[in-house]
Amino acid sequence: MGERVYDVAVIGGGIVGLATAMALVKGKVKRVVVLEAEDRLAAHQTGNNSGVIHSGLYYKPGSLKALNCVAGREALYRFCREQGIAHEACGKLVVATRQAELAALDELEKKGRANGLKKLRRLAAGELKEYEPHVAGIAGLWVGETGIVDYGQVCEKYAGIIRAGGGEIRLNFKVTGCRRDGGELVLSSPGVTVRCRNLVNCAGLHSDRVARMCGVRPGLQIIPFRGEYYKLVPSRHGLVRNLIYPVPDTRFPFLGVHFTRMIGGGAEAGPNAVLAFKRHGYKKTSFSLRDAAQFALYPGFWIMSLKFWKMGLGEFHRSFSKKAFVKALQRLIPEVQAADLEPGGAGVRAQALEINGFLADDFRIKEAERMVHVLNAPSPAATASISIGESIAAIALKNFALKRKIM
Ligand SMILES: Cc1cc2nc3c(=O)[nH]c(=O)nc-3n(C[C@H](O)[C@H](O)[C@H](O)COP(=O)(O)OP(=O)(O)OC[C@H]3O[C@@H](n4cnc5c(N)ncnc54)[C@H](O)[C@@H]3O)c2cc1C
């Protein structure tokens, strides 16, 4: 018997790759394989995120983020109910603490309404404590659609559906080479190859590299931004009922340090957004010459640095100084103290940067012959995964001329 040839190989066993493979399998594509470099699924962004089911509040109406977040959020709630995954639509509070933030809060409210949020309530200062008794602010927004979940558990269910539908998942398969062989693609990992007719690149922090490896110019560079967390010590969990966020600085794609109750218990504070010198740079000391040199040689990096140096230095300061981190949190909950926080984990975000220094905000997908490359899938891609997975699968089926119907 000859070597098995897969119809589609999906590179990356994070939530986007798994959701895409699940949609392909549900669309009756027969031979689907997910190739994951690590020895487990959801090892990077997906397994180290905040566990928030985003509402769709922040995104430009009509953008891929807005459309997929809103559709994906509802699909995810449904999926969790059907599959018995622990989750809660607990809602969140966005708190304005300065006059200067009120215009941005108005803007958020408008975007939220344009994105169809029904459980949105503008709050005056005196109403904030009804939702979060320890918060101090001058105004707020209550967003009832927001929720919490463990995305690792969601991924396990996606993987179960892929396997039950005849798809395969191969762990410890880091794709290090890709070559065309007639109508097939040969993907290699040290000592082993996989043949497929088509591929979908969902490699997250490595999506630009995987695209280049496949002979496709990504037209952007992935810059890793580490997000560090603290945990509230158990005796202080009571400071946070659910989720408490600041009004974000709209010049920057991150949401600002916030408090998050976790579905498995406990509450976290963070994440900040510190430039990481390694794509898997989970520690402050992590450094990779290859990774750092790659972005240092990219013109867009220096344009971005000139624009955001002040903000970037502030993030570094907060990373090394717990006092500064606590000060940022005290804007939301004045009574929180350094002793209430113990170190938590960290995640690294893959942020796509364009050559002109523009931080790509929306999801970015690039097609090539027999290939689809997902080059930017930042937050809320976990929330949006079912919807974005179906969209990617639909693009793939069209590109690959596999005539199936994606639900
Ligand atoms: C700190 C943080 C907090 C966040 N909070 C939220 C939140 O609360 N809600 C939300 O909706 N979103 C959140 N996000 C965003 C969300 O987690 C990501 O958008 C999403 O997980 C991206 O999924 P992915 O599958 O694209 O990437 P990943 O989860 O990073 O998966 C990519 C996979 O590809 C694999 N891979 C890479 N290269 C190769 C290769 N050559 N061969 C084989 N495999 C390879 C990697 O090992 C990895 O497993 C957060 C992200 C971070 C980092």
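The turns below set values from a predicted model against the definitions behind them.

Analyst: In this predicted model, local features need pLDDT of at least 70, side-chain atom pairs count only at pLDDT 80 or more, and totals for chains, interfaces and linings use all residues. Residues are numbered from 1 along each chain as its sequence is written, and side-chain values use heavy atoms, with hydrogens and water left out.

User: Why is strand E11 called mostly covered?

Analyst: Buried means under 20% relative accessible area, exposed over 50%, partly exposed in between (1.4 Å probe, protein chains only). Five of the six residues in E11 (184-189) are buried. A strand here is a DSSP run of at least two residues, a helix (H or I) one of at least four, numbered from the N terminus.

User: What makes E10 and E11 a pair?

Analyst: Two strands pair if DSSP finds at least two bridges between them. E10 (residues 177-181) and E11 have five, and they run antiparallel. Arg 179 has Val 186 in E11 as its bridge partner. Two residues separate the strands in this hairpin, where Gly 182 takes a positive phi near 60°.

User: How many bridges join E11 to E12?

Analyst: Five, in the antiparallel sense, with E12 spanning residues 192-201. Leu 187 is bridged to Val 194 in E12. This hairpin also has two residues between its strands, and Gly 191 takes a positive phi near 80°.

User: Why are E3 and E4 at the edges of their sheet?

Analyst: The open sheet has three strands in the order E3-E8-E4, paired antiparallel. E3 (52-53) and E4 (87-88) each have a single partner strand, so one side of each is left without a neighbour in the sheet. E3 pairs with E8 (residues 147-149) over two bridges. Ile 53 stands opposite Gly 147 in E8.
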